[in-house]
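I am opening a notebook on this structure. The entries follow the order in which I looked things up.

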Number of protein chains: 2
Amino acid sequence: MTDKLADELTVDFEPLGRRARVAQGTTLLEAARQAGVGLNAVCGGTGVCGTCRVRVAAGQVTPPTEAEHDALADGLRLACQARVLSDVRVDVPLASITAPQRAQIEGLERAVELDPAIRGFDVAPPPPSLTDLRADTTRLCEALHQQYPHLSPSSRDGRLRFDHGALCQLPVLLREHGWHVRLVIRDGEVIAVAPAGTAPLGLAVDIGTTKVAAYLMDLESGETLAAAGTMNPQIAYGEDVMTRISYAMDGEAQARELQRVLVGGLDDLAGELCAQVGRDSAAIVEVVLVGNTCMHHLVLGLPVEQLGLAPYVPALAYPYDIKARELGCSLPPLKGEARGGVHLAPGANVHLLPNIAGFVGADHVAMLLATRMHEADEITVSLDIGTNTEISLAVDGRLLSCSCASGPAFEGAHIHDGMRAAPGAVERVRLVDELVEYQTIDGAPPVGICGSGILDGVAELRKIGVLRENGAMQPGSHPRVRGTGRETEFLLVPAGEREAPRDVVINRKDINEVQLAKGAIRAGIEVLLGEAGLKAEQVERVVVAGAFGTYLDVGSALAVGMFPPLPQERFVQVGNAAGMGAKLVLVSRHCRRVAEEIARRVEYVELTTHSRFVEAYTAALMLP
Amino acid sequence: MTDKLADELTVDFEPLGRRARVAQGTTLLEAARQAGVGLNAVCGGTGVCGTCRVRVAAGQVTPPTEAEHDALADGLRLACQARVLSDVRVDVPLASITAPQRAQIEGLERAVELDPAIRGFDVAPPPPSLTDLRADTTRLCEALHQQYPHLSPSSRDGRLRFDHGALCQLPVLLREHGWHVRLVIRDGEVIAVAPAGTAPLGLAVDIGTTKVAAYLMDLESGETLAAAGTMNPQIAYGEDVMTRISYAMDGEAQARELQRVLVGGLDDLAGELCAQVGRDSAAIVEVVLVGNTCMHHLVLGLPVEQLGLAPYVPALAYPYDIKARELGCSLPPLKGEARGGVHLAPGANVHLLPNIAGFVGADHVAMLLATRMHEADEITVSLDIGTNTEISLAVDGRLLSCSCASGPAFEGAHIHDGMRAAPGAVERVRLVDELVEYQTIDGAPPVGICGSGILDGVAELRKIGVLRENGAMQPGSHPRVRGTGRETEFLLVPAGEREAPRDVVINRKDINEVQLAKGAIRAGIEVLLGEAGLKAEQVERVVVAGAFGTYLDVGSALAVGMFPPLPQERFVQVGNAAGMGAKLVLVSRHCRRVAEEIARRVEYVELTTHSRFVEAYTAALMLP
């Protein structure tokens with residue numbers, strides 16, 4: 001030990017499988033932070049709260065402090081007090097891990113140069129008189145160019161185009177505001193007229209098949225003012241993309257309904273966010289939407305039939321701009337008419353990032369942008385795990401992408417006691433011999449099991465030998481295993497325990513669903529690696545994004561073979577990277593160009609017809 | 001009656017055979033609007049003009065108001081005053097119907113180089129396959145540039161923009177037509193997708209306050225396929241611009257109604273024209289509208305308040321392009337939904353020529369273009385006579401324009417027995433000593449007198465000495481003169497003659513109306529000449545355009561002093577020059593640029609505040 005360099009001490013966190021390399025004297029709490037282990041530390045690491053309890057399983061740390069009196073009684077230490085003296089292995093009780101947050105609205109932050117698609121100009125033209133009969137628009141344009149002589153003319157003679165909605169409001173607003181207004185100009189077109197000084201707002205939205213996350217931004221400061229998440233209201237018409245395509249194919253009215261409820265949901269989010277910060281939604285002048293190709297088409301009202309039938313081609317892959325009102329977003333109220341609800345600026349624009357393929361959409365482009373996959377200098381795999389999982393591989397300047405149908409198991413669907421990640425869902429499972437530990441969302445009475453819980457469950461059942469390599473559950477292998485044959489199930493929560501209203505079990509079919517899902521993901525990764533002539537161990541970094549990707553336990557995912565066997569420190573969980581990408585393109589035209597470049601560069605690999613896919617998939621179904 | 005529901009009263013209009021179902025208390029005028037009966041309502045339904053006379057043949061209406069004194073004398077009621085109390089049958093006299101007039105659809109023809117704003121390209125991309133997964137739009141764009149290598153790219157990477165309506169149809173149409181379609185492209189944007197080979201159509205429309213003339217053109221051959229004229233459906237809301245502005249100012253719903261009925265009328269014309277030549281209205285990809293500034297604003301849904309109040313400035317003077325659907329034009333039907341009626345191409349564009357001032361609109365620009373006033377090498381005066389008369393003067397490369405309120409006398413309004421130029425209207429009058437000759441439109445029994453008739457009448461009465469220079473009618477000067485003082489009148493048609501249902505007279509007030517109208521026109525001409533330092537006799541050419549301008553007798557106009565005393569051969573009557581101008585800009589982008597140049601070049605002269613106007617007007621009131 002003594003001849004090791006000071007910063008080469010290792011701290012392994014189990015059962016998470018995370019490792020930190022730290023200097024002697026570093027606290028276990030700091031080491032946990034470095035390793036990305038979310039230890040509770042309510043008091044900020046001052047030894048007061050006693051929430052960062054861990055068990056030192058091997059190695060030497062500093063002697064207990066007074067603050068650790070209570071913890072010691074349970075054979076534990078406080079991570080904020082214990083400092084490493086040698087290589088250490090630490091067991092982290094479930095109760096010490098910070099419960100993942102529910103809303104997928106936090107993402108990795110990055111500074112970009114503020115360069116939004118719109119710009120506001122305060123203009124004060126002279127009012128008309130009997131000796132100055134210029135039309136309102138002429139008067140405004142001439143005043144604008146006088147006040148801002150360096151403004152490049154948008155057309156010959158320096159004329160501005162006017163959005164029709166903005167134009168219809170213009171004569172009234174000019175007179176109401178005493179000929180002193182702010183023009184919001186986008187691409188040479190006046191899209192909004194507001195009281196002078198009004199800061200224009202933008203809305204970045206990640207439309208997931210299941211959830212929608214929205215961010216309200218000030219386009220003059222670049223600041224994120226508020227964030228909110230909600231369910232995709234289309235969920236009432238089917239939980240996955242194929243069900244919705246099938247619903248839309250029933251007729252034009254059905255397709256319109258899917259568009260209408262989704263746009264209505266966006267309106268609601270815009271209203272909620274503006275209410276949070278006390279702003280008028282009419283100040284929203286630019287919206288960026290990202291979503292998978294099906295969500296992209298449905299929100300635009302494009303036909304989706306061709307997305308549901310081989311060869312699954314999108315109608316539109318290019319980046320797209322459209323007026324919000326053309327999507328049926330709430331129109332601004334006109335004079336003399338009181339309309340309730342949300343109304344964006346009359347000419348508010350909606351920008352959609354490009355799609356890559358029928359099942360690799362604009363949300364994946366946004367994720368690649370936010371995680372800088374296009375400029376990765378390490379061999380990197382990135383995944384956005386959902387009902388469809390998009391996978392990309394960056395190597396030597398190449399970007400390869402594919403999509404695999406991983407199914408809804410990780411969203412709690414098709415699982416016997418499955419449920420969404422809502423209060424009462426078992427989200428963590430730990431099995432030590434006959435001890436069954438679990439944790440529910442918000443500590444609520446257990447009512448079911450969500451994606452990260454079922455993943456943990458399968459990993460742990462395999463670890464303690466309840467499951468065979470092929471997923472079969474061995475009767476008699478554990479006191480909680482009951483039934484026989486295909487009816488075999490594992491009793492995770494007996495009814496009544498912690499006020500559970502009924503038994504929560506994991507059965508043979510649940511295991512099978514997880515095998516199908518993780519097998520598809522793993523096969524996708526393997527095919528991409530094969531396309532690039534790489535071996536799994538060459539992968540230097542794995543970026544896991546999205547809701548489930550944020551909450552899953554990487555150790556469990558490795559244990560079931562969802563990912564290739566790589567050291568845990570090569571994995572990074574980044575939260576809602578697609579939403580972050582949407583925010584980036586909302587405030588930066590440069591990022592839009594980069595996103596377009598990314599979509600163009602991607603080499604799409606179609607799995608369904610790929611020669612190696614079936615073999616890879618079959619192999620990946622096994623549990624390691 | 002009493003046990004009927006309030007909204008179940010029926011109003012039958014005979015001999016037209018139209019029926020309305022209305023609530024008790026509805027005016028007969030409103031019922032007529034609902035039934036689509038074009039009752040005259042010059043004053044907008046305020047009881048002032050007395051033109052909406054009808055006979056209540058059966059049923060009960062409210063007792064007569066004071067406004068109905070004159071009508072009652074003839075056994076008639078005013079439709080705007082009488083409200084229904086029971087089921088009612090109403091006889092509508094011929095004179096009360098806004099019968100379609102002779103259509104103002106012929107104009108001077110000119111050859112211009114065909115250079116429309118749109119172009120059609122037949123494209124046949126390969127269908128998608130498992131080895132070719134490009135999106136529909138990508139596939140199309142790449143095929144287009146392959147087939148037409150000299151087509152200049154509309155954006156970087158040669159991408160086309162897509163109109164959203166066209167984009168929504170694209171995936172279905174590509175597959176329906178076996179991957180062989182025609183793209184109609186406008187300014188780098190695909191605005192329509194049609195079966196290969198479909199010739200794109202255009203619609204040129206002159207929206208007059210009273211009448212609308214429309215022309216259907218083949219944009220590949222430049223041929224005018226059909227023409228049609230109709231009444232401006234806004235006529236039911238008031239005959240002149242000010243009445244409509246006032247109606248629109250009542251509220252947003254009213255303003256929208258004015259837009260809606262006008263756009264509906266345009267849809268009807270489009271449908272009628274296409275039916276005439278057996279074409280699908282979905283082939284219409286470009287529409288050009290011209291009209292006075294008020295019609296321009298109303299069809300666009302722009303506020304008109306500021307047009308009704310000094311200093312009468314337009315909201316918009318620049319040329320303008322807008323998607324037809326943004327005006328509420330009929331949208332194309334989508335797959336699976338059967339919609340009747342007219343539908344233009346999804347991305348059909350509407351182009352509006354620039355306005356010059358609040359009362360010199362795009363129609364005058366079109367007229368100046370069609371009559372080549374901008375390149376006149378003679379000193380030329382051009383006039384478009386209507387309720388407002390626009391006058392321009394071309395001299396030494398200058399273009400001066402003004403507008404004068406000439407009133408509705410020449411449209412038959414404010415004249416005792418006045419009527420529109422409809423069958424039965426006296427349109428020509430000749431007095432030789434005691435002989436009274438006249439001619440009615442279509443030779444129908446005389447029921448009233450239209451603009452050209454009243455002009456002739458005043459000219460002839462002055463010629464034979466019945467009228468003094470100041471317009472006073474001299475009692476005893478002719479056997480047909482009857483009454484005394486301000487009650488003096490000239491009996492043009494005795495009741496019974498040629499089956500005339502009643503006397504048709506010209507009274508002192510009628511003379512006065514003609515004096516006011518022609519005085520305003522003459523004063524406008526004189527002020528313009530004064531501005532240019534010219535004398536009247538220097539004018540080498542006078543171009544008279546518009547409906548009344550086509551039918552008026554130039555000799556009579558000279559006789560009453562409407563025009564300066566010039567030899568008749570210097571006058572040319574050109575028909576609907578504004579409509580011709582609209583056709584020119586429909587087929588030629590060069591003409592659009594010229595129109596814009598004209599509007600910019602015009603020196604607008606405001607008469608209402610002009611130092612010389614009152615003097616000129618006073619002098620011009622006299623009869624020579």
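Is Tyr237(B) buried or exposed? I noted first that the model is predicted. I then looked up Tyr237(B) and found a relative accessible area of 9%. Buried means under 20%, so Tyr237(B) is buried.

Next entry: aromatic pairs. I get 12 of them over all chains. In one of them, Phe410(A) and Phe548(A) are stacked, with 4.5 Å from centre to centre and 10° between the planes. I traced Phe410(A) to the loop between strands S18 and S19 of chain A, and Phe548(A) to helix H12 of chain A; the two are 138 residues apart. Both Phe410(A) and Phe548(A) are buried.

I went back to Tyr237(B), whose ring pairs with that of Tyr247(B): the centres are 5.0 Å apart and the planes stand at 50°, so I list the pair as tilted. Tyr237(B) is in the loop between strand S12 and helix H5 of chain B and Tyr247(B) is in helix H5, so the pair ties together parts 10 residues apart in sequence.

Next entry: charges over rings. I found Arg139(A) over the face of Trp179(A), 5.9 Å from the ring centre. The charged end of Arg498(A) sits over the ring of Tyr438(A), at 4.1 Å from its centre.

Last entry: the contact between the chains. I read 54 residues from chain A and 54 residues from chain B. The buried area is about 4,400 Å², with 58% from carbon and sulfur atoms. In chain A, Leu133(A), His164(A) and Tyr318(A) lose the most area to chain B. I find 2 salt bridges across this interface. Glu326(A) forms a salt bridge with Arg325(B), with the closest N and O atoms 2.9 Å apart.

Technical notes. Residues are numbered from 1 along each chain as its sequence is written. Chains are lettered from A and ligands numbered from 1 in the order in which they are written. This is a predicted model: local features need pLDDT of at least 70, side-chain atom pairs count only at pLDDT 80 or more; totals for chains, interfaces and linings use all residues. Side-chain values use heavy atoms; hydrogens and water are left out. Rings of Phe, Tyr and Trp (its six-membered ring) pair if their centres lie within 6.5 Å; planes under 30 degrees apart count as stacked, over 60 as edge-to-face and the rest as tilted. Helices (H or I, at least four residues) and strands (E, at least two) are DSSP runs, numbered from the N terminus. Buried means under 20% relative accessible area, exposed over 50%, partly exposed in between (1.4 Å probe, protein chains only). A charge sits over a ring if NZ of Lys or CZ of Arg is within 6 Å of the ring centre and within 35 degrees of the ring normal. Contact means heavy atoms within 4.5 Å. Buried area is the accessible area (1.4 Å probe) that two parts lose on being put together, summed over both. A salt bridge is a side-chain nitrogen of Lys or Arg within 4 Å of a carboxyl oxygen of Asp or Glu.
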